Amino acid sequence: MTQTLSEAGRDSIAAPVDIEPNEDIVARATSLIPLIRKYAEQSSDDRRVAPEVIAALEEADLFSLLVPARYSGHEANLRTAMETIAEVAKGDGSTAWAVALLNVCTWFATTFSQEAQDDVFGANPKAKVSGIFTPGSKAERVEGGYLVSGEWPYSSGSFAADWATLGIALPDAGDNDPRALALIPKEAWTIRPTWFVAGMRGSGSDTIVVEDHFVPEHRVQRFVDMREANFLTPHQAEERNSNMAFIPVAALILVGAQIGLARHALELTLAKLPDKRVAYTQYTAAKNSPTHQLGVSRAANRFHLAELLMRQGCLDIDRAAAERHLPDLLTRGRIRNDTGIIAELVKEGIDDLMTANGAGSFADANVLNRIWRDAEIAGRHAYVTPEVGKEVYGRLLLGADNPLTMDV
């Protein structure tokens with residue numbers, strides 16, 4: 001019988017809270033930055049991360065960040081995953097987005113039943129999983145499971161995935177929340193090219209199409225149970241990551257790429273702007289111009305605040321998971337809110353730097369242009385939208401009559 005999170009907490013002694021990133025793992029990502037930058041334009045043009053980069057990421061074992069050690073994964077904390085994704089984003093935002101989604105969806109798979117986990121990781125411990133929460137068009141109850149059909153757009157990283165966790169609506173849910181995630185192997189789906197956008201072009205966020213695929217009962221997990229960290233995995237007592245808060249992790253990991261884009265934008269600015277002449281002024285070097293000093297300072301401050309919020313969110317999630325309990329509702333609401341604030345701060349900071357660097361920043365050949373476009377797209381994911389996060393947090397703070405209008 002599967003333990004609930006609270007039962008697992010009572011029956012185990014919480015491990016020490018590991019709040020620092022694993023520097024060895026993060027260094028692997030850092031070492032790949034030159035290669036990722038080399039193929040960034042190709043990834044953008046091809047609308048999927050270049051095969052050479054995927055191979056290097058696999059060789060560095062950077063798709064198993066949150067996978068349990070029993071499947072030869074790193075079983076790293078969330079802070080390590082965030083820092084790793086951020087370093088990849090210093091190379092290319094699209095690549096980092098794919099790395100983020102493949103890691104978090106692979107973690108989703110590790111929370112399913114033992115039989116489902118063995119289906120995914122038994123023959124291939126390095127399996128990669130993509131995913132979408134939105135339900136497809138059909139989930140028909142049949143003997144032993146469900147017959148599933150539908151289309152799932154924005155399936156980032158699906159081009160490199162072995163499985164997908166796809167949203168379905170259970171027809172036999174009654175008055176309960178019908179949403180669930182179903183594990184479906186790549187042999188059961190096709191990818192329809194639909195991701196034609198201004199930024200994050202290389203993330204491969206195309207549409208997964210499934211037609212009448214049988215999903216056995218053991219490969220289905222109810223969304224409401226996942227939201228409360230009452231996962232089907234039998235390993236909550238001994239594994240920290242089997243206790244992580246589902247929605248906070250799913251949201252926060254989406255701004256790992258934003259953090260890295262901010263770092264790269266500031267790095268480029270500090271390398272190129274100081275000695276640039278300021279047109280139509282007496283300043284022969286931007287470093288002596290108060291306008292540029294204030295603009296860069298404002299951007300750096302916003303980025304620093306974004307980093308602090310990211311670290312606090314990781315700390316809240318990692319600490320609670322290590323202590324085998326779910327963060328309280330207000331904390332989860334704050335993390336959802338802070339996720340949007342991080343994206344907001346990064347977008348505003350990058351805007352400051354684009355202005356400071358001048359109109360040439362928007363040239364197709366300028367890397368800052370790609371960084372700006374990637375940040376604008378990434379900051380508009382449904383789980384990242386700042387206004388939604390603010391509403392979630394505000395309703396909880398004020399004790400609204402119906403405070404849970406969105407997932408936290």
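Student: What is the average pLDDT of the chain?
Tutor: The chain averages a pLDDT of 93; pLDDT is the predictor's confidence in each residue, from 0 to 100. At least 70 is reached by 96% of the residues. Residues 1–15 have a pLDDT below 50. Beyond near neighbours in sequence, that stretch has 27 contacts in the model, a contact being heavy atoms within 4.5 Å.
This is a predicted model, where local features need pLDDT of at least 70, side-chain atom pairs count only at pLDDT 80 or more, and totals for chains, interfaces and linings use all residues. Residues are numbered from 1 along each chain as its sequence is written, and side-chain values use heavy atoms, with hydrogens and water left out.

Student: Why is F108 called buried?
Tutor: Buried means under 20% relative accessible area, exposed over 50%, partly exposed in between (1.4 Å probe, protein chains only). F108 is at 3%, so it counts as buried. F246 is buried too, at 0%. Buried residues make up 58% of the chain.

Student: Which residues have the most contacts inside the largest nonpolar core?
Tutor: L78, W107, F108, F246 and I350, in a core of 122 residues. Such a core is a set of buried Ala, Val, Leu, Ile, Met, Phe, Trp, Tyr and Cys residues joined through side-chain atoms within 4.5 Å. Helix α7 (residues 93–109) gives the largest share, 12 residues.

Student: Why is the F133 and F246 pair called tilted?
Tutor: Rings of Phe, Tyr and Trp (its six-membered ring) pair if their centres lie within 6.5 Å; planes under 30 degrees apart count as stacked, over 60 as edge-to-face and the rest as tilted. These centres are 5.4 Å apart and the planes are at 45°, so the pair is tilted. F133 is in the loop between β1 and β2, and F246 is in helix α10, 113 residues apart.

Student: How do you know that the charged end of K128 sits over the ring of F63?
Tutor: The test asks for NZ of Lys or CZ of Arg within 6 Å of the ring centre and within 35 degrees of the ring normal. K128 qualifies, 5.4 Å from the centre of F63. R47 lies over the face of F196, at 4.2 Å.

Conventions:
Helices (H or I, at least four residues) and strands (E, at least two) are DSSP runs, numbered from the N terminus.
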